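I wanted a first look at this structure, one part at a time. These are my notes, in the order in which I looked things up.

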Amino acid sequence: MSERTITTPEMSDAVTAYAATLGDGVAEYVTVAPSDGAIEDQPFYNVILAGATPVFGWLVWELTGYWLEAQRHAVIDRDGALVDITPPLDGEEKILFIRDSDWAFDYLDPKPLRKAQRHLLTDDADVVKWAKLADDVDAFKWRHTKFKGDKSELVIPEGKDMRRMERLQRDYNAAARIALAK
């Protein structure tokens, strides 16, 4: 079974083409320098708590060989250079960021638009199925997440919804095992 790696992608034709479909259309590397007290996976609040003006956009990851994934993110402009002050989940020292001048996080209605956007790097049927199931799991979790300020909680009631989540997760795991085994 292949080991999947989720990482900041190298600049490639596929990355450049994908970036052109998001935000302002240009990918750039941004240095990661977490600020004191910043919380993992809370970029919008970290920027505000740091007293900085957010630069909104997309953070792009690569599930090596399978797909690129973009999620909404915020960084700051420090003396003309963009800096990501949110602690990285995986120790990254730089991220790939695409500015989005037409989008802003609504701090008064904090249900963030964090659903990932995926761009497949292969047309392998098993990977396509796996990515579709990842989208289904994300959508299900999104519908069952309650947001309050900078906190979110996944709340799945017992019964039909819980069984659906278990089935989705089981199908996703099976599809991942098949795709990764190649």
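**Entry 1**

I started with Glu62, which is found in strand β3. The model is a predicted one, and I kept that in mind throughout. I asked which side chain of opposite charge is nearest to Glu62. That is Lys94, 11 Å away. Glu62 is buried yet has no salt bridge.

I then looked for polar partners. The backbone nitrogen of Gly65 lies 3.4 Å from a polar atom of the Glu62 side chain. Not counting residues up to four places away in sequence, Glu62 touches Thr5, Ile6, Thr7, Pro9, Glu10, Trp67, Leu68 and Leu121.

**Entry 1: helix α3**

Next I checked the length of α3, residues 125-143. At 1.5 Å a residue, its 19 residues should span 27 Å, and the end C-alpha atoms are 27 Å apart, so the two values agree.

At the N-terminal end, Asp124 caps the helix. One of its side-chain oxygens lies 2.9 Å from the backbone nitrogen of Asp126.

I asked which residues of α3 are buried. I found Val127, Trp130, Ala131, Leu133, Ala134, Val137 and Phe140. As background, I wrote down that an α-helix has 3.6 residues a turn, so residues three or four places apart point the same way.

What do the buried residues of α3 pack against? Their partners are strands β3 (54-63), β4 (67-78) and β7 (117-120), together with α4 (160-180).

Asp135 has 27% relative accessibility; buried would require under 20% and exposed over 50%, so Asp135 counts as partly exposed.

The side chains of Asp135 and Arg118 meet in a salt bridge, with N and O 2.4 Å apart. Arg118 is in strand β7 and Asp135 in helix α3, so this pair ties together parts that are 17 residues apart in sequence. Salt bridges that share partners join Glu69, Arg118, Asp135 and Asp138 into one network.

I also checked the C-alpha distance from Asp135 to Gln117, and got 8.7 Å for two residues 18 apart along the chain.

**Entry 2: other salt bridges**

How many salt bridges are there? I count eight.

I looked up Glu28 and Arg99, whose side chains meet in one of them at 2.9 Å, N to O. Glu28 lies in strand β2 (residues 27-32) and Arg99 in strand β6 (residues 94-99), so the pair ties together parts 71 residues apart in sequence. Glu28 counts as partly exposed because its relative accessibility is 25%. Arg99, at 30%, is also classed as partly exposed.

Asp100 forms a salt bridge with Arg72, and the closest N and O atoms are 2.7 Å apart. This pair links distant parts of the chain: Asp100 is in the loop between β6 and β7, Arg72 is in strand β4, and they are 28 residues apart. Are these two buried or exposed? Both Asp100 and Arg72 are buried.

**Entry 3: nonpolar cores**

I noted the general rule before looking: in soluble globular proteins, nonpolar side chains tend to be buried together.

The largest nonpolar core here has 18 residues. Those with the most contacts inside it are Tyr66, Trp67, Trp130 and Tyr172. Helices α3 and α4 each supply at least two residues of this core.

I went back to Trp67 and asked what it touches, leaving aside neighbours within four places in sequence. Its contacts include Val127, Trp130, Ala131 and Ala134. Glu62, from my opening entry, is also in contact with Trp67. Apart from this core lies another, of eleven residues, among them Tyr18, Leu22, Trp58 and Val60.

**Entry 4: positive phi**

Last, I looked up backbone angles. Asp41 is not a glycine, but its phi is positive, near 60°. Asp41 is found in the loop between β2 and α2 (43-49). Its relative accessibility is 36%, so Asp41 counts as partly exposed.

Asp79 is likewise not a glycine and has a positive phi of about 55°. Asp79 lies in the loop between β4 and β5 (81-84). At 83% relative accessibility, Asp79 counts as exposed.

Terms used. Residues numbered from 1 in each chain as written. Predicted model: local features only at pLDDT ≥ 70, side-chain atom pairs only at ≥ 80, totals over all residues. Heavy atoms only, no water. Helix = DSSP H or I, 4+ residues; strand = E, 2+ residues; numbered from the N terminus. Expected span 1.5 Å × (residues − 1). Buried < 20%, exposed > 50% of the residue type's maximum accessible area, 1.4 Å probe, protein only. Contact = heavy atoms within 4.5 Å. Polar contact = N/O pair within 3.5 Å; in protein donor to acceptor, adjacent residues only side chain to side chain. Lys, Arg positive; Asp, Glu negative; His and termini not counted. Salt bridge = Lys/Arg side-chain N within 4 Å of Asp/Glu carboxyl O. Core = buried A, V, L, I, M, F, W, Y, C linked by side-chain atoms within 4.5 Å.
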